[in-house]
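This briefing walks through one protein model, moving from the overall fold to a few individual residues. Please keep the sequence and the structure in view while reading.

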Amino acid sequence: PRPPAFAMSAIPDDARPALDVLRSVGGDDMVAMLIRTFLQFAGERVGKLGEEARNGRWEEVASIAHSIKSSARQLGANSLGDACAKAEEAGRKGDIPAASAGVSEIEREFAVACEWMQTLTGGTSV
């Protein structure tokens, strides 16, 4: 059973406009499918991000952050998208302290996004 019209109280206010646009195009089922796909993809990329940071591969950190950024923003995970933008820029500049902090911020924001996004997938975890 799907929550009625999503459990909107769990969703950050700044995420609602993006979700409303997606819902108007494809309905609740499409939004749930997009979120499940994103959580799987981004979960793999966030894991790889930490590995690349530990190995000092900051250009890879920038590339991975870039790959998550747009999808996160399209789904309304704006704080995650912003963290990705900061890590991407720092990684490209070779600003290791800022890039490292950005990786930690991405990991935190992804965990937060996972919580509210999973409420939109009909309760199934990825």
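Of the contacts in the protein with a separation of 6 or more, what percentage is accounted for by residues 24 or more positions apart? The answer is 62%, and, like every value in this briefing, it was computed from a predicted model. The protein contains four helices and zero strands, so that its pattern, read along the sequence, is α-α-α-α.

**Overall make-up**

- The protein has 126 residues, of which 40% count as buried.
- Its accessible surface comes to about 6400 Å², and 53% of that surface belongs to carbon and sulfur atoms.

**The bent helix H1**

- Helix H1 covers residues 16–54, and although a straight helix of 39 residues would span 57 Å at 1.5 Å a residue, the end C-alpha atoms of H1 are only 35 Å apart.
- H1 also has a kink of about 115°, which is centred on Gly-26.
- After H1 comes Gly-56, a residue whose phi is positive, with a value near 70°.
- Leu-22 belongs to helix H1, and it counts as buried because its relative accessibility is 18%, where the cut-off for buried is under 20%.
- Leu-22 and Leu-34 are twelve residues apart in sequence, while their C-alpha atoms are 9.3 Å apart in space.
- Leaving out residues up to four places away in sequence, Leu-22 touches Gly-27, Met-30, Val-31 and Leu-34, and it also touches Gln-74 and Leu-75.

**The nonpolar core**

- The largest nonpolar core holds 34 residues, and the members that touch the most other members are Phe-38, Leu-80, Ile-106, Trp-116 and Met-117.
- Each of the helices H1, H2 (58–74), H3 (78–93) and H4 supplies at least two residues of this core, and the largest share, ten residues, comes from H1.
- In soluble globular proteins, nonpolar side chains tend to be buried together.
- Trp-116, when residues up to four places away in sequence are not counted, touches Ala-10, Ile-11, Pro-12, Ala-15 and Leu-19, and its contacts also include Leu-75, Gly-76 and Ala-77.

**Lys-69 in helix H2**

- Is Lys-69 buried or exposed? Lys-69, which is found in helix H2, counts as buried because its relative accessibility is 14%, a value that falls under the 20% cut-off.
- The side chains of Lys-69 and Glu-88 are joined by a polar contact of 2.7 Å.
- Once its neighbours within four places in sequence are left aside, Lys-69 is in contact with Gly-81, Cys-84, Ala-85 and Glu-88.

**Thr-121 after helix H4**

- Thr-121 lies in the segment that comes after helix H4, which covers residues 96–118.
- With a relative accessibility of 5%, Thr-121 counts as buried, since the cut-off for that class is under 20%.
- The side chain of Thr-121 reaches the backbone oxygen of Gln-118, at 2.9 Å.
- Not counting residues up to four places away in sequence, Thr-121 touches Ala-32, Ile-35 and Arg-36.

Technical notes
Residues numbered from 1 in each chain as written. Predicted model: local features only at pLDDT ≥ 70, side-chain atom pairs only at ≥ 80, totals over all residues. Heavy atoms only, no water. Buried < 20%, exposed > 50% of the residue type's maximum accessible area, 1.4 Å probe, protein only. Polar contact = N/O pair within 3.5 Å; in protein donor to acceptor, adjacent residues only side chain to side chain. Contact = heavy atoms within 4.5 Å. Expected span 1.5 Å × (residues − 1). Bend = angle between axes of the 7 residues up to and from the residue. Areas by Shrake-Rupley, 256 points an atom, 1.4 Å probe, with all protein chains shown as cover. Core = buried A, V, L, I, M, F, W, Y, C linked by side-chain atoms within 4.5 Å.
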